[in-house]
Amino acid sequence: MNNPFVRIVEPLDPKQPLKKFFNLSKLEDVRYARLPFSIRVLLEAAIRNCDEFLVKKGDVENILNWKVVQHKNVEVPFKPARVILQDFTGVPAVVDFAAMRDAVKKLGGDPEKINPICPADLVIDHSIQVDFNRRSDSLQKNQDLEFERNKERFEFLKWGSQAFKNMRIIPPGSGIIHQVNLEYLARVVMDQDGYYYPDSVVGTDSHTTMIDGLGVLGWGVGGIEAEAVMLGQPISMVLPEVVGYKLLGNPQPLVTSTDIVLTITKHLRQVGVVGKFVEFFGPGVAQLSIADRATIANMCPEYGATAAYFPVDDISIEYLIQTGRDKEKVMCTKKYLEAVGMLRDFKNSSQDPDFTQVVELDLHAVVPCCSGPKRPQDKVAVSDMKKDFETCLGAKQGFKGFQIAPDRHNSVVKFNFEGCDFELGHGSVVIAAITSCTNTSNPSVMLGAGLLAKKAVEAGLTVKPYIKTSLSPGSGVVTYYLRESGVMSYLSQLGFDVVGYGCMTCIGNSGPLPESVVEAITQGDLVAVGVLSGNRNFEGRVHPNTRANYLASPPLVIAYAIAGTVRIDFEKEPLGINASGKKIFLKDIWPTRNEIQAVERQFVIPGMFKEVYQKIETVNESWNALDAPSDKLYTWNPKSTYIKSPPFFDGLTLALQTPKTIEDAYVLLSFGDSVTTDHISPAGNIARNSPAARYLTSRGLTPREFNSYGSRRGNDAVMARGTFANIRLVNKFVDKQGPQTVHFPSGETLDVFDAAERYKQAGHPLIVLAGKEYGAGSSRDWAAKGPFLLGVKAVLAESYERIHRSNLVGMGVIPLQYLPGEDAGILGLTGRERYTIVIPEKLKPQMNVQIKLDTGKTFHAIMRFDTDVELTYFHNGGILNYMIRKMAS
């Protein structure tokens, strides 16, 4: 490699041959020592590819002058060391690869060039659902049903693992992708090809940022972008601003890492960090375990940043040893980081880098809290929960309102469950789930939940039988230490049996509620509640019948399950009354931090990590028994409703098509703020009256065979019909929530898919109008692929979440942004106009383009292609078309 920045150094491991690494700190440039640690990792990754890009453009010098040039759109080509995928995004990625091989062959190229160059791990964690709970065999029954439903998808993934080199599949039942990454896959420092360099990763799940807590720079990208990275294409990104988040003080004894992250999420949403890195520093970081840091980094998408980075320190090194990593390799990791000046001491302020902006949080000021009822950033102190929920009941319909008439606030509906009579009201808890990568990776909160359960059972407390309780750990290690520490039986007695190893309730795979509960909710039009230890609570995500959903720590999930309602003041009201008539308060059963830490020290040991992970790829017998074809080209089954060759590459030629002006487009939908990817492309339940349901019925399926939208992402016919199919969608053209819009030529109100089909048949292009934070939420590529298939040519929004904007670019859909100070209201746009978007012949990043209305009005908007590389993708009709042409030629 002709690279002037490579330095030969003494062997870090005397048993190994001489190793080389990129020692930028030896440039004898004090500017390097002032760079944020996250920028140093980014620079190291870019330097490894400098033959392609950096040296010839002189951008090493630019990055060293980071404080000066960060606002000047300096492009950095980031080639991560690894890619991780989960099955909901992994299946469409493998579908795309299979279709790309077909397309390359048609264009006369070698189809096997479509093969991952960058190593990829795919963890199957999104398919299992909570169909069974509150029984000792729930885990086995849910796993059996998962295989019954998803056998075809799993066979396809197994084909992909054999047809493509460099792709490893972690079978279902192994755990959640981000926890497996944290405990097993992450290296921190790579030792490959004769070089040491920092580990880095991108993933097709927005919570990939969880690994930032261990000092591995990573973030979520759209599946489309990840596919290009796997094929060797760097991510072209603008050098980011870095917000320094200074942590001070010590947390109070009753505060959990969940409380800290919900506080940070609200704070950083107020600060505004979309498109920026956040890097944590200050003496307070040293008070946090790696699991605590991972919890904070995990919810990075919820506060909108690109990355949430904790540099590596001695606690990180200790964690690698605790989780069973090879000690000699860990010591080499430490020596390398010391040699390049990247081992952090958070108590040493002289190591503090320069940041774009610095904000602070005193950890001692954090109080126990939840977030909800509809967004992760809407933090509510536990002491205020009762009052806040009751305020939300009567407030205007919105993020903090349900618009329930005052005379109905105390409505009660009686129902019968398993022969006993119960009552439901507004605020009644019907789902209580300890779930998600955010919290189940953290022994302190999981053991805290177990100890609270033990004390609750010993005090004579129970959970009402109709509440859907569940425990879905992020890895087998969690079950191991819960069992060994003796708390698992108490969790089971309260209904929190292990129901599966996967995302489950957090992604809407919460399964059905009892029919009598659903009937009561429907009869009373009740605002029923889900409480989960997850990271997202967007409308319609967790369950169709829970209009309010709160994020909470695992111990609080159990507390609210016991209480049966969120309309409780834990300080003044008892959780319950036991058989002896004694009132039991939450403070009576809440475990102390010292209790939790003592149990953690005793039972969370390296041996259990080694035992669980040494058999992770072979332990699932159902997976081992799957028979997958061995052909390099996939044989598509035209009868399949799961796997289908997508139409993205139909008619693709080697010649480029000049982008054309979008003329007289209709507006398909008009939105307000915070429209999420769950609104655009839901992952959960397929409603029986939806276009997707009608399609599946026409293919001979019954409703029990519909599965979920997430499981159907390998079939574009289902996913196009599922686009904008969220039952909580709020479209300004329609006066009630639901997945419908107005077809303006006829004036009819139709399902969104049906309206789009009519426009398409008449040859009319479409656009979407939106407010702030369009595309918040997950990295799902179908939130861009779906609108593309509906005929949406552009989106005009006030602002975008980073990953979704990138996905739109990847599909060739133009992301337009109002000029500063303008929006639809200021410009007087109703959405009923027809829009002509003038595309100039010569394009440049972030240029202004003219938009003409059929009313005679004109205005300008920013075309959010942020880099020259993104413009190249646009000229090719999308990133995958670009990669096909590149491979074919």
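Me: How many aromatic pairs does the count come to?
Reply: The model is predicted, and its side-chain atom pairs count only at pLDDT 80 or more. Rings of Phe, Tyr and Trp are taken to pair if their centres lie within 6.5 Å. By this rule the count of aromatic pairs comes to 30.

Me: What kind of pair do the rings of Phe147 and Phe154 form?
Reply: Planes over 60 degrees apart count as edge-to-face. The ring centres of Phe147 and Phe154 are 5.0 Å apart and their planes stand at 70°, so the pair is edge-to-face.

Me: And which of these words, buried or exposed, describes Phe154?
Reply: The cut-off for buried is under 20% relative accessible area. Phe147, at 12% relative accessibility, counts as buried. With a relative accessible area of 0%, Phe154 is likewise buried.

Me: What kind of pair do the rings of Tyr634 and Trp636 form, and which aromatic residues form one cluster with them?
Reply: The centres of the Tyr634 and Trp636 rings lie 5.1 Å apart with their planes at 80°, so this pair is edge-to-face. Tyr634 counts as buried at 16% relative accessibility, whereas Trp636, at 21%, counts as partly exposed. The aromatic cluster that holds Tyr634 and Trp636 also takes in Phe97, Phe156, Trp159 and Phe164.

Me: Which strands stand at the edges of the open sheet of five strands?
Reply: The order of this open sheet is E6-E5-E4-E9-E10, with parallel pairing. A strand at the edge has a single partner strand, so one side of it is left without a neighbour in the sheet, and this holds for E6 (167-170) and E10 (217-220).

Me: Within that sheet, which residue of E9 is the bridge partner of Ile84?
Reply: Strand E4 (residues 82-86) and strand E9 (residues 200-203) run parallel and are joined by three bridges. In E9, the residue that partners Ile84 is Gly203.

Me: Why is strand E13 described as largely enclosed by the rest of the structure?
Reply: In a regular strand the side chains alternate between the two faces of the sheet. On E13, Phe277, Glu279 and Phe281 on one side and Val278 and Phe280 on the other are all buried, and both faces are covered. Strand E13 (residues 277-281) is largely enclosed because its buried residues number five of the five.

Me: Which helix joins E12 and E13 in a right-handed β-α-β unit?
Reply: Strand E12 (residues 242-248) pairs with E13 in the parallel sense over five bridges, and Gly244 has Glu279 as its bridge partner in E13. E13 also pairs in the parallel sense with strand E14 (residues 307-309), over three bridges.

Me: Glu418 and Ser674 each have a positive phi; is Ser674 buried or exposed?
Reply: Phi is near 50° for Glu418 and about 55° for Ser674. Glu418, in the loop between E18 (412-417) and E19 (420-425), counts as exposed at 67% relative accessibility. Ser674 lies in the loop between strand E26 (662-670) and helix H26 (677-680). With a relative accessible area of 7%, Ser674 is buried.

Note on methods: Residues are numbered from 1 along each chain as its sequence is written. Side-chain values use heavy atoms; hydrogens and water are left out. Rings of Phe, Tyr and Trp (its six-membered ring) pair if their centres lie within 6.5 Å; planes under 30 degrees apart count as stacked, over 60 as edge-to-face and the rest as tilted. Buried means under 20% relative accessible area, exposed over 50%, partly exposed in between (1.4 Å probe, protein chains only). Two strands pair if DSSP finds at least two bridges between them. Helices (H or I, at least four residues) and strands (E, at least two) are DSSP runs, numbered from the N terminus.
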